[in-house]
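Work through the exercises below with the model open beside you. Try each task before you read its solution.

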Amino acid sequence: MILTINQGYSQISYSIKTETGFLMYQNNTIQVDPGPNWKGYNLYEQNGIDFNIVNGIDFENKLFVGIGIGYLNFEGINGFYAFTDFEYLPLKTKLTPLVNLKIGYSHIWNQYENGTGTGLVELSTGLNYRLTEKIDIYAKSGFTITQQSLLIPIRLGIKF
């Protein structure tokens, strides 16, 4: 029993990911019938950049599960987001595809008093390259839905 538990723990390791990305605005996901207090869409044709850090657990160098926080900037509109991060690497080779899912909450300080907060969903795919046993670099893209907008993220990151 002790050997089984020890073998299970040896398959799990703590990892940190840092990412940066360009968020290319595509369109609004809702159409608004303006009322008297409407000040415009949360984002309107604004591209963004972000930087985030994720702490998590890596299972057998195939499945990563973590929680993260990030900084957002949409052409001068600042914000943050908090999310859960799930990443799957189907192969154990040096170069492997990856699939990533982020689910969370984003808040930006835009034209509305106290800003706006909405849910966040991001689904992306890309390539992961294993530099060493403990260090991976990756590039990925997909789609992000947040702040009533559809965005295309282009991300680069490192996991160690």
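**Exercise 1: The enclosed space**

The largest cavity holds about 50 Å³ of space. This is a predicted model. Task: find which residues line the largest cavity, and which strands supply them.

Solution. 
- Step 1. Count the cavities. The structure has one cavity of 30 Å³ or more.
- Step 2. List the lining of the largest cavity. Leu-23, Asp-50, Leu-72, Phe-74, Tyr-81, Leu-120, Glu-122, Thr-144, Thr-146, Leu-151 and Arg-155 form it.
- Step 3. Assign strands. At least two lining residues each come from strand 3 (63-74), strand 6 (116-130), strand 7 (136-146) and strand 8 (149-159).
- Step 4. Sort by class. Six lining residues are nonpolar, two are polar and three are charged.

**Exercise 2: The barrel**

Task: state in what order the strands close into a barrel, and in which sense they pair.

Solution. 
- Step 1. Follow the order. Eight strands close the barrel as 1-2-3-4-5-6-7-8.
- Step 2. Read the sense. The pairing is antiparallel.
- Step 3. From one strand to the next it averages 25 degrees.
- Step 4. Recall what holds a sheet. Strands pair through backbone hydrogen bonds.

**Exercise 3: Strand 4 and its neighbours**

Task: trace strand 4 (residues 77-88) through its pairing with strand 5 (residues 95-108) and with strand 3.

Solution. 
- Step 1. Take the strand 3 side. Strands 3 and 4 are antiparallel over 12 bridges. Asn-73 has Asn-78 of strand 4 as its bridge partner.
- Step 2. Look at the turn. Two residues lie between strand 3 and strand 4 in this hairpin, and Glu-75 in the turn has a positive phi of about 45 degrees.
- Step 3. Take the strand 5 side. Strands 4 and 5 pair in the antiparallel sense over 10 bridges. Phe-80 stands opposite His-107, and Ala-82 has Tyr-105 as its bridge partner. The hairpin from strand 4 to strand 5 runs through six residues.
- Step 4. Side chains alternate along strand 4. Ile-77, Gly-79, Tyr-81, Phe-83, Asp-85 and Glu-87 point to one face and are buried.
- Step 5. Strands 5 and 6 run antiparallel, joined by 14 bridges. Gly-104 has Leu-120 of strand 6 as its bridge partner.

**Exercise 4: Lys-17**

Task: decide whether Lys-17 is buried or exposed, and find its side-chain partner.

Solution. 
- Step 1. Lys-17 lies in strand 1. Strand 1 is joined to strand 2 (residues 48-59) by 12 bridges. Val-54 in strand 2 stands opposite Lys-17.
- Step 2. Apply the cut-off. Buried means under 20% relative accessible area. Lys-17 has 0% relative accessibility, so Lys-17 counts as buried.
- Step 3. Find the contact. The Lys-17 side chain makes a polar contact with the side chain of Asp-85 (2.7 Å).

**Exercise 5: The open space**

Task: describe the largest pocket and its lining.

Solution. 
- Step 1. Give the volume. It is about 260 Å³.
- Step 2. Find the centre. Of 16 lining residues, Ser-13, Asp-58, Asn-61, Glu-133 and Lys-134 are closest to it.
- Step 3. Trace the source. Strand 1 (residues 12-28) gives the largest share of the lining, three residues.
- Step 4. Sort by class. The lining has three nonpolar, five polar and eight charged residues.

Notes:
Residues numbered from 1 in each chain as written. Predicted model: local features only at pLDDT ≥ 70, side-chain atom pairs only at ≥ 80, totals over all residues. Heavy atoms only, no water. 1 Å grid on protein atoms, 1.4 Å probe; cavity = no way out; pocket = protein on both sides within 12 Å on 5 of 7 lines; lining within 4 Å. Points joined across faces, edges and corners; volume = space filled by probe spheres on them. Helix = DSSP H or I, 4+ residues; strand = E, 2+ residues; numbered from the N terminus. Nonpolar A, V, L, I, M, F, W, Y, C, P; charged D, E, K, R; others polar. Pairing = 2+ DSSP bridges. Axes fitted to C-alpha atoms, helices over the stretch in contact; angles between N-to-C directions. Buried < 20%, exposed > 50% of the residue type's maximum accessible area, 1.4 Å probe, protein only. Polar contact = N/O pair within 3.5 Å; in protein donor to acceptor, adjacent residues only side chain to side chain.
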